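Work through the exercises below with the sequence and structure in view. Each task is followed by a solution in steps.

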Amino acid sequence: MNSANRFDIITIFPDYLAPLKLSLIGKAEAAGIIEIGIHDLREQTSDLHGSVDDTPYGGGAGMVMSPEPWGKAIDSVIELAPDELHELIVLTPAGEKLTQEMASELTKSRHLIFACGRYEGIDIRVSDFYASEKNFKVREISIGDYVLGGGEVATLVIMEAIIRLLPGVIGNPASLDEESHTLKSTRGALVEYPSYTKPQEWRGLSVPNVLLSGNHGEIAKWRMQQALIRTKKLAD
Ligand code: ADE
């Protein structure tokens, strides 16, 4: 069995996923921590125009993505990780909202398949069919309460949130423990405290004295207070 986590993305705009070659994710792939496949849905169509959508049953505005090319595309990527449990992520504003906890859970999945819908979404029978298959889990995920042109940008967001948590991806894993939404108090998840670096004074603004004190207990206390203040402000 392969040791890398595998990510397969199905889209009608493969070029949209070009940023996956950059920075943290690009390096993780080069290091063999992850494997990424980007697949053009239109390769699974049989008509001259490469049609991937059709009018909705029941009427209404817009077009719906047809199940047949999706079924073929998903079946073909299953073959790329045949021994794994497959988790199909369907990107939709109607899905459950992405959280840090969910990103952390998804690091455990060995084979994630991202279905980037466009138009009015993908015929729901695609989700229903794979949800009933053995060795499959289906999740519909939204990255926020707004409507994007398609699932590609949402895929980039979710993949980045997952991949930076994988062992070996971030140089100093201790930094993961201190960041927003991971930092815990007895009151639950907090956003991160504010950070400062050199110079000590910039445009008349100084670094708080406590951070220069070398007193680790006081620094930790100040940071916790600041994180609580910021979190409360967001909730107001
Ligand atoms: N597709 C369109 N809008 C989206 C959103 N907010 N999240 C995930 N996928 C989407």
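**Exercise 1.** In this predicted model, how do the residues of the lining of the second largest pocket divide into nonpolar, polar and charged?

Solution. Start with the space itself: the second largest pocket has a volume of about 250 Å³. Its lining consists of 11 residues, and those closest to the centre are Gln 100, Glu 101, Ser 104, His 181 and Thr 182. Next, find the elements: helix 3 (100–106) and helix 6 (174–177) each give two or more residues to this lining. Helix 3 gives the most, with 3 residues. Sorting the lining by type then gives 3 nonpolar, 5 polar and 3 charged residues.

**Exercise 2.** Which pocket holds the ligand, and which element supplies the largest share of the lining of that pocket?

Solution. The ligand sits in the largest pocket. The volume of the largest pocket is about 430 Å³. Strand 5 supplies the largest share of its lining, 5 residues. By type, the lining of the largest pocket comprises 14 nonpolar, 9 polar and 4 charged residues.

**Exercise 3.** Describe the shell around the ligand and list polar contacts between the ligand and the backbone.

Solution. First, the shell: 8 of its residues are nonpolar, 4 are polar and none is charged. For a polar backbone atom of Gly 144, the distance to a ligand nitrogen is 3.2 Å, and for one of Thr 92 it is 3.3 Å. Finally, the cover: of the 260 Å² of accessible area that the ligand has on its own, the protein covers 97%.

Methods:
Residues are numbered from 1 along each chain as its sequence is written. This is a predicted model: local features need pLDDT of at least 70, side-chain atom pairs count only at pLDDT 80 or more; totals for chains, interfaces and linings use all residues. Side-chain values use heavy atoms; hydrogens and water are left out. A polar contact is a pair of N or O atoms within 3.5 Å; within protein, one must be able to donate a hydrogen and the other to accept it, and residues adjacent in sequence count only if both atoms are side-chain atoms. Accessible areas come from the Shrake-Rupley method with a 1.4 Å probe; for residues, only the protein chains shown count as cover. On a 1 Å grid over the protein atoms alone, a cavity is a set of points where a 1.4 Å probe fits but cannot get out, and a pocket is an open set with protein on both sides within 12 Å along at least five of seven lines; lining residues have an atom within 4 Å of a point. A molecule sits in a cavity or pocket if more than half of its atoms lie within 2 Å of its grid points. Ala, Val, Leu, Ile, Met, Phe, Trp, Tyr, Cys and Pro count as nonpolar, Asp, Glu, Lys and Arg as charged, and the others, Gly among them, as polar. Grid points are joined across faces, edges and corners, and a volume is the space filled by probe spheres set on the points. Helices (H or I, at least four residues) and strands (E, at least two) are DSSP runs, numbered from the N terminus.
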